[in-house]
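Work through the exercises below with the sequence and the coordinates open. Each task is followed by a stepwise solution.

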Amino acid sequence: MSILDIRVLGDPVLRKPTKPVTEVTDELRKLIADMFETMYAAEGIGLAAPQVGRIERLAVVDVEGAKFVLINPEIVSDTGPVEKAEEGCLSIPDIYGDVERPPEVAIRALDENGNPYEASGTGLLGRCFQHEIDHLDGKLFIDYLSPLKRRAALSKWEKEKEEYPGNIRKVRTEVKGEHHHEHETEM
């Protein structure tokens with residue numbers, strides 16, 4: 001396994017819709033393992049293929065021990081009045097914003113062996129599913145912010161982005177920490 005570079009805001013790959021996975025191969029399973037390792041090293045709870053420069057419709061999630069591989073995921077239903085909660089993103093480090101999303105979603109996807117499954121998530125897990133599936137459609141959490149809050153976030157990012165030459169975030173393995181924080185919101 002290896003730690004992959006994370007693409008940050010400004011890299012065009014983050015804004016492009018992904019391509020459905022047509023076959024689950026050993027190469028794809030290696031990518032999945034690398035994505036989990038990268039996500040843990042970056043202390044995140046979700047990571048989508050575009051965030052590591054890939055175009056496959058693939059994401060990984062681990063929220064409080066609920067671990068999922070999402071190949072070709074889709075939201076099949078959402079329920080409840082929208083709730084606002086703070087979100088962050090491994091591709092927009094140190095920028096956070098309140099995003100309104102349905103509190104519960106049901107998803108359909110394939111696992112790392114190509115087997116179809118359905119799952120539902122509430123609270124942080126449901127939010128993470130929605131956040132990662134948004135990535136696969138070229139959408140970022142800042143797109144949900146009000147114009148004023150989005151401008152403020154982008155203004156802050158303008159100052160931060162020079163730390164990431166070439167729109168690349170190098171994840172250092174020696175900085176590994178506990179990846180399950182009570183209020184973890186970076187996806």
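**Exercise 1: Strand pairing**

Ser77 stands opposite Ala106 in β7. This is a predicted model, in which local features need pLDDT of at least 70 and side-chain atom pairs count only at pLDDT 80 or more, while totals for chains, interfaces and linings use all residues. Residues are numbered from 1 along each chain as its sequence is written, and side-chain values use heavy atoms, with hydrogens and water left out.

Task: Determine how β4 is joined to β7 and to β3.

Solution. 
Step 1. Helices (H or I, at least four residues) and strands (E, at least two) are DSSP runs numbered from the N terminus, and two strands pair if DSSP finds at least two bridges between them.
Step 2. β4 and strand β7 (residues 104–110) run antiparallel and are joined by six bridges.
Step 3. Strand β3 (residues 58–63) is also antiparallel to β4 (residues 66–79), again with six bridges. Leu58 has Ile71 in β4 as its bridge partner.
Step 4. Two residues separate β3 and β4 in a hairpin, and Glu64 in the turn has a positive phi of about 50°.

**Exercise 2: Helix α1**

Task: Compare the span of α1 with its expected value, then find what its buried residues pack against.

Solution. 
Step 1. The expected span of a helix is 1.5 Å times one less than its number of residues. Helix α1 (residues 26–41) has 16 residues and reaches 22 Å from its first C-alpha to its last, close to the expected 22 Å.
Step 2. Apply the burial cut-offs: buried means under 20% relative accessible area, exposed over 50%, and partly exposed in between (1.4 Å probe, protein chains only). The buried residues of α1 include Leu28, Leu31, Ile32, Met35 and Phe36.
Step 3. The buried residues of α1 pack against β1 (6–7), β2 (46–48), β3 and β4.
Step 4. Just after α1, Glu43 has a positive phi of about 60°.

**Exercise 3: Salt bridges**

Solution. 
Step 1. A salt bridge is a side-chain nitrogen of Lys or Arg within 4 Å of a carboxyl oxygen of Asp or Glu. The whole structure holds 15 salt bridges.
Step 2. Because they are four residues apart in helix α1, about one helical turn separates them. Asp34 is buried at 5% relative accessibility, whereas Lys30 is partly exposed at 44%.
Step 3. Arg101 lies in strand β6 (residues 96–101) and Glu87 in strand β5 (residues 83–88), so the pair ties together parts 14 residues apart in sequence. Arg101 is buried at 3%, and Glu87 is buried at 0%.
Step 4. Glu87 and Arg101 are linked with Arg127 and Asp134 in a network of salt bridges.
Step 5. Glu118 is exposed at 55% relative accessibility, and Arg108 is partly exposed at 35%.

**Exercise 4: Confidence**

Task: Find the pLDDT over residues 175–184.

Solution. 
Step 1. pLDDT is the predictor's confidence in each residue, from 0 to 100. The chain averages 93, and 94% of the residues score at least 70.
Step 2. Over residues 175–184 the pLDDT is below 50. Beyond near neighbours in sequence, this stretch has 18 contacts in the model, a contact being heavy atoms within 4.5 Å.
Step 3. Where pLDDT is low, the predicted coordinates should not be read in detail.
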